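Subject: A structure for you to explore

Hi,

Here is the structure I promised to pass on to you. Please open it next to this email, and then read on for what turned up in it.

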Amino acid sequence: FYNISNPSRNLSQLPNFAYSVALATFQLYQDNHNQATLDQADSLLQDALLSFPSVLLALLDKCSIEPDPSVIACQYFLDTRSDPASLSTLATLYVTRCYHCWKEPELLPWLERNVSAVVTRINNNDPRVAESRNERSTRYQGLPRNIH
């Protein structure tokens with residue numbers, strides 16, 4: 001569904017799809033242990049973290065997981081107050097409805113590894129970081145039509 005619908009419906013621009021597709025891809029890796037699947041899951045999760053940083057701390061809080069000190073020190077994850085209200089609503093809906101999916105013990109090392117990789121990318125001024133900030137400020141001017 002996602003691969004077919006994403007080009008026309010821009011599903012990757014919604015936090016629920018960005019994080020859920022990454023999670024589903026990681027779960028596929030757990031079944032088949034194919035390195036290419038893990039690489040794809042890593043890439044998808046890192047893109048979700050860069051695109052929607054406000055989800056991370058809310059998700060960790062809801063799962064009762066203490067964030068790594070490097071995350072607490074990273075302004076990128078802390079300074080989400082400038083996110084449009086509609087994006088904040090979408091992120092809150094995702095975390096509230098799906099946090100239980102992220103409580104599986106085998107997910108934590110994968111999440112930690114990718115968060116660490118994203119913090120490194122942020123510290124190294126990866127161009128995707130600036131692109132993400134710009135996308136968040138120009139998109140999400142209102143809630144999608146079928147959010148309610």
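This is a predicted model: local features need pLDDT of at least 70, side-chain atom pairs count only at pLDDT 80 or more; totals for chains, interfaces and linings use all residues.

Residues are numbered from 1 along each chain as its sequence is written, and side-chain values use heavy atoms, with hydrogens and water left out.

**The overall picture**

The chain has nine helices and zero strands, so its pattern along the sequence reads α-α-α-α-α-α-α-α-α. Of its 148 residues, 40% count as buried; buried means under 20% relative accessible area, exposed means over 50%, and partly exposed is in between (1.4 Å probe, protein chains only). Contact means heavy atoms within 4.5 Å. Among the contacts in the chain with a separation of 6 or more, 73% come from residues 24 or more positions apart.

Asparagine 125 sits in the loop between α8 and α9 and is exposed, with a relative accessible area of 65%. For background, most residues other than glycine have a negative phi.

**The aromatic rings**

How many aromatic pairs does the structure hold? There are six. Rings of Phe, Tyr and Trp (its six-membered ring) pair if their centres lie within 6.5 Å; planes under 30 degrees apart count as stacked, over 60 as edge-to-face and the rest as tilted.

One of the pairs joins tyrosine 19 and tryptophan 102, and this pair is edge-to-face, with 6.2 Å centre to centre and 75° between the planes. Tyrosine 19 lies in helix α2 (residues 15-32), while tryptophan 102 is in the loop between α7 (85-98) and α8 (107-123), so the pair ties together parts that are 83 residues apart in sequence. Tyrosine 19 and tryptophan 102 are both buried.

Phenylalanine 26 and tyrosine 29 form a tilted pair, at 6.0 Å centre to centre and with 35° between the planes. These two are three residues apart in helix α2, and therefore separated by about one helical turn. Phenylalanine 26 is buried, with a relative accessible area of 6%, and tyrosine 29 counts as buried at 19%.

Ring pairs link Tyr19, Phe26, Tyr29, Tyr94, Trp102 and Trp110 into a cluster.

Another residue of helix α2 is phenylalanine 17, which counts as partly exposed at 22% relative accessibility. Phenylalanine 17 and tyrosine 94 are 77 residues apart in sequence, and their C-alpha atoms are 9.1 Å apart in space.

A charge can also sit over a ring: this needs NZ of Lys or CZ of Arg within 6 Å of the ring centre and within 35 degrees of the ring normal. Here, lysine 62 lies over the face of tyrosine 99, at 5.1 Å from the ring centre.

**Helix α3 and its neighbours**

Helix α3 (residues 35-51) packs with helix α9 (residues 127-138) at an angle of about 55°, and their axes are 9 Å apart. Which residues make the contact? They are Asp47, Leu50 and Ser51 of α3, and Arg128, Val129, Ser132 and Arg136 of α9.

Serine 51, in helix α3, touches Arg128, Ser132 and Arg136, not counting residues up to four places away in sequence. Is serine 51 buried or exposed? At 9% relative accessibility, serine 51 counts as buried.

Serine 43 also lies in helix α3, and counts as partly exposed at 46% relative accessibility. The C-alpha atoms of serine 43 and alanine 22 are separated by 8.0 Å, and the two residues are 21 residues apart along the chain.

Enjoy looking around!

Best wishes

How values were computed. Helices (H or I, at least four residues) and strands (E, at least two) are DSSP runs, numbered from the N terminus. Axes are lines fitted to C-alpha atoms, for helices over the stretch in contact, and angles run from 0 to 180 degrees between N-to-C directions.
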